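Please read them with the structure open.

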Amino acid sequence: MHPIRTILMSRSTPSLFSAALVGPALRDAFRKLDPRAMVRNPVLFVVEVVAVLTTVLVLGDLAVGGADLSFSGQILLWLWFTLLFANFAEALAEGRGKAQADSLRRTRTEMTAKRLTGRDGAYEIVPGTSLKRGDVVRVEAGDLIPSDGEVIAGVASVNEAAITGESAPVIRESGGDRSAVTGGTQVLSDAITVRITAAAGSTFVDRMIALVEGASRQKTPNEIALNILLAGLTLVFVFAVASIPSFAAYAGGAIPVIVLVALFVTLIPTTIGALLSAIGIAGMDRLVRFNVLALSGRAVEAAGDVDTLLLDKTGTITLGNRQATAFRPVQGVSEADLADAAQLASLADETPEGRSIVVLAKERYGLRARDMAGLAASFVPFTAQSRMSGVDLDGVSIRKGAVDAVIAAVTAQTVAARGSNAALAYAPSYTLAETETVAQVRVIAEEIAKAGGTPLAVARDGRLLGIVHLKDVVKGGIRERFAELRRMGIRTVMITGDNPLTAAAIAAEAGVDDFLAQATPEDKLALIRREQAQGKLVAMCGDGTNDAPALAQADVGVAMNTGTVAAREAGNMVDLDSDPTKLIEIVGIGKQLLMTRGALTTFSIANDVAKYFAVLPAMFLGLYPQLQVLNVMGLASPQSAILSAIIFNALIIVALIPLALKGVRYRPVGAAALLRRNLLVYGLGGVVVPFAGIKLIDLAVTALHLA
Amino acid sequence: MTLIGWFQIALFCAVVLALVKPLGAYMTRVFAGERTILSPVLVPIERGLYRAAGIDARHEQTWLGYGLAMLVFHALGFVSLYAILRLQDGLPLNPMGQAAVAPDLALNTAVSFVTNTNWQNYGGESTLSYLSQMLGLTPQNFLSAATGLALAVALTRGFARASSRTVGSFWVDLTRCTLYVLLPLCIGLTLFYVWQGMPQTLGASVDATTLEGARQTIAVGPVASQVAIKMLGTNGGGFFNANAAHPFENPTALANLVQMVTIFALGAAMTNVFGRMVGDERQGWAILAAMGVLFLAGVAVTYASEAAGSPALNGLGFSAGNMEGKEIRFGIVASALFAVVTTAASCGAVNAMHDSFTALGGLIPMLNMQLGEIIVGGVGAGLYGMLVFVLVALFVAGLMVGRTPEYLGKKIEAKEVKMAMLAILCLPLMMLGLTALATVLPAGLAGPANAGPHGFSEILYAFTSAAANNGSAFAGLTGNTLFYNTTLALGMAVGRFMVIVPALAIAGSLAAKKTLPASAGTLPTHGGLFVGLLVGVILIVGGLTFFPALALGPVVEHLAGAAGQTFAAGG
């Protein structure tokens, strides 16, 4: 089986014009001339209609031997080139997705399924394609999971490399948040019973293929609006150009139809019209190469509009595990002593917290992990009842754990040592020093909790030594990321199960704008609704079944691939890497998509200024020679001017394909600065560039004696 | 150009700017239904009117209800005005015994006044009875102006409200606007104009014997009251055929200044009303700034061009600039400024013959109208026309900040773009389409007084003026023919209602949306960047369409004139 991830990743830096892509794209460019496909794009459809009519006209001229066939022939040629270049741009964008889809398809093999027939575990072998939603199948070690489903019994390790590219097997079990399985992945050990949740043809892989191929691509709301604008502008220029013959007749002349056609086609926004769908496809493609599947183009656009980002604390903002950051001994105990005891107590503790204590002690005091076998130690594991763990060695007992639990244990031990019964535990016989120690420990613990940390008390032989400060470690660089988001105008909200005190401390350290402490799934949903009621768009990611309502409610819901079926169904994006930090990149990709569209639209419209100055004087020169003054570019002849304008109009499409596919870079500098920069580049540039471009083409056209 | 000339222009601008805030504050209160200084007097009248008409003032309408009310109201206004014009010979207040107005002229005139265009294919003093002027035209002068203001307010409510089904009540807006804004201002202005020397009488014309002993009929009438609303409501229909060039319609320099100021006053103040209603006055100032940039550029070109005069005349030893067709009392500056003001706003009153302007001097008034009269514009109409451009500008450029474009917290989506484009489309369709028709049909070709590009300009100007609901004429064109009466009427109706209805649809759609709070990712729309963007989009999207037509008219004429070529008068 080909790991798709490898294929996806190998395409992360594809050369835009590689031969493997250009060949098929060129073929497709001709295939896409089919008017039934063309009608989806109003601007190009109009160009095609005009091109067909002009072809008929030129052929008619050819038959009767009309004048200036070389000129009208060349204009006609460039009309068709304009269309072909536009199609080529779209085909090239699609081609990149197609290559991925083909690889995905190869991974699908003929699968059979063991469909359960009764309660006794009996099954029949059926082809995978005959499975329906709700069927229950048994999948054993070595079997391919026949379709998407949910584990309803058993636990198994599954190789999901086909989807995620991650070769390490993952555990899939019934109940909980890891119950979703994907068709085409392989069970490596054990056996599970799976309820099928997707019929053949609508599985995750099927959807993935359709998505990357662009087959299920529908116009997004913003694309529809933009298309309306472009259609409207086209219509405006229909009026502008269609009225010219009468005006010319009034002035006592006539304008050849081919010249009117040239003016019309150069004026209507062909540049953005040609590149619009390529931009959309490329946007989806960027996400796919980022290992995120957007289940609709609408979601990608919404990502660009996100106002509020809900981020889970664990794994996104913090490293996910608390780490020891300080030893805080009570009076009379040295830090090194406390560190030594804490390290001993943690040597057998395989939790990340335990390991971090060992590491900290080693770093601070050079305490090396001792060979436990030689010490004849016996370990006391952590239990939910004792809320402590520790070690007994050489008659010394060391305990570490929750502050209350350790204090209680120490007190009990002291009382027991004095031979009193439990009822006398709080008797005045309790020494003053001991009371003071307990008080000290409580003060330190309070301090640590206020700072957002977790205190861990350490005691040796019934005597409190001090506290280990465990802390949620905020990921490196995350603060800068949040600052960046703030400059984008995005508010970040941290979601955590911690108490408000801890949450506030971590929120302050990470630099998030707000937090939701002791969050339940209902709280999360309510928060999203509240934000949306203010008109804001909310993005979040989640994996558990209890995240599903919030994922469905959010405008951008990124489900982790490791999550449950419910979560994956509820979200509108799936992250194959299950990396919640990616939400930030997803927003950037959404913005990039919208920006690219805006930039090329602005460029396209701004181009008209120069095109008017090229074509109009040439067009009206026969009527009023005075209008030669408007020929500011000094183009050689009326014919070369018109030809240059239409050649520029066609070539600029090709020149902008790389920009359309790669996208305009998003810089988190704030809207005003961003607009100023882009207006300068694409607005002003759009006015200036064609003046230079048309002039250069005119020089070439004249040198080649084309006109 | 002279320093004094520029000083006059600066004075005009200063007076208009000074009025923006106080008028804006007052009008905002009026449209919000709050108490104003005039409430003690007017509230009983207002209540009485609602009771008589059976209107519940608290009942608001959806955009569709608002629009239907507006259309029905206008249909009735059209029918009654048409009837008065057709029957004026049998109606009272006709001391001069004017005959009934011909059907096509009555149609043209009725549409013209209902649409706030006030295109005049008739000579006021020689065609209309006093009744037609006072009961036929004057109410429309008020109501078409009030309608423009009401619609601008409805669209503004679209931006100001969130998750709302309604955009206000057309009846209430219309009543309050007329009662609290137009009438009180007009009463004051009428008194002022009478003081300045305008006639205000119901008596017949005065016969006088001139110094040479010739007998002359001097037309008089209720001029001052007509002029007050003609300017304030950007109607522009003169009492006399010579409009504001007539000494009785524009007696003094001060009257001239006040007339110009009143053309702009309400339109400019509406930007402030807009800003106040959306909760950020800076938004209104930004829009006014964009209007101001375009206005000053226009004034500069026209003034410079008129001051330079035409090469043909300069060659004959006239070096004082182009005085042809101008009142000596006003001179070049006041005439040039008036021309730009009247076409920037949708007024159409003239104090000089635009036909006689230099080619470039005449190009600016035309371009002002072709852009859709959004430079201050007709009362209300200028604001909603401008807002349509704002939506288009922000839709295109707003994408470049990486968000779905929004304005004042409202997302600009397919429906808004569709309606905005519809509103933008109808102007070139009418202006260019009808001009194209007129330049090939014999009936159209019979109209212009001049041959060559100037004759073309005359036709283009007429349809431009009609579709933009301006009403000023280039003169020179014989418009009172069946062809021009009907085609111009079509242009006026489409140019008015095909903009109003989409603007209302936008209002309804916006009002229903939530208002997004601004963030660092939101494009600020109150700074110079936005103003520049808006001006650029207006010129490229609105102006470039007319480039071919302008090139064949005024541009060629200018170039030819510079080369000493003139075009012979044609049939």
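1. The lining of the largest cavity divides into 16 nonpolar, 10 polar and two charged residues. Here Ala, Val, Leu, Ile, Met, Phe, Trp, Tyr, Cys and Pro count as nonpolar, Asp, Glu, Lys and Arg as charged, and the others, Gly among them, as polar. That lining has 28 residues, and those nearest the centre of the cavity are Gly372(B), Glu373(B), Gly385(B), Leu427(B) and Val499(B). Two or more lining residues come from each of α14 (381-398), α15 (414-438), α18 (482-512) and α19 (528-543) of chain B. The largest share, five residues, belongs to α14(B). Helices are DSSP runs (H or I, at least four residues), numbered from the N terminus.

2. The volume of this largest cavity is about 320 Å³, and the count of cavities of 30 Å³ or more is 11. A cavity is a set of points, on a 1 Å grid over the protein atoms alone, where a 1.4 Å probe fits but cannot get out; lining residues have an atom within 4 Å of a point. Points are joined across faces, edges and corners, and the volume is the space filled by probe spheres set on them.

3. This is a predicted model, in which local features need pLDDT of at least 70 and side-chain atom pairs count only at pLDDT 80 or more, while totals for chains, interfaces and linings use all residues. Residues are numbered from 1 along each chain as its sequence is written, chains are lettered from A in the order in which they are written, and side-chain values use heavy atoms, without hydrogens and water.

4. On confidence, pLDDT (the predictor's confidence in each residue, from 0 to 100) averages 84 in chain A, where 90% of the residues score at least 70. Chain B has a mean of 89, with 98% of its residues at 70 or more. For the complex, the predictor gives an ipTM of 0.92 and a pTM of 0.85.

5. Residues 422-429 of chain A stay under 50 in pLDDT and have four contacts (heavy atoms within 4.5 Å) beyond four places in sequence. Where pLDDT is low, the predicted coordinates should not be read in detail.

6. Chain A gives 65 residues to the contact and chain B 60. About 5,100 Å² is buried between them, 78% of it from carbon and sulfur atoms; buried area is the accessible area (1.4 Å probe) that two parts lose on being put together, summed over both.

7. A salt bridge is a side-chain nitrogen of Lys or Arg within 4 Å of a carboxyl oxygen of Asp or Glu. The rule finds one across this interface.

Definitions and conventions: On a 1 Å grid over the protein atoms alone, a cavity is a set of points where a 1.4 Å probe fits but cannot get out, and a pocket is an open set with protein on both sides within 12 Å along at least five of seven lines; lining residues have an atom within 4 Å of a point.
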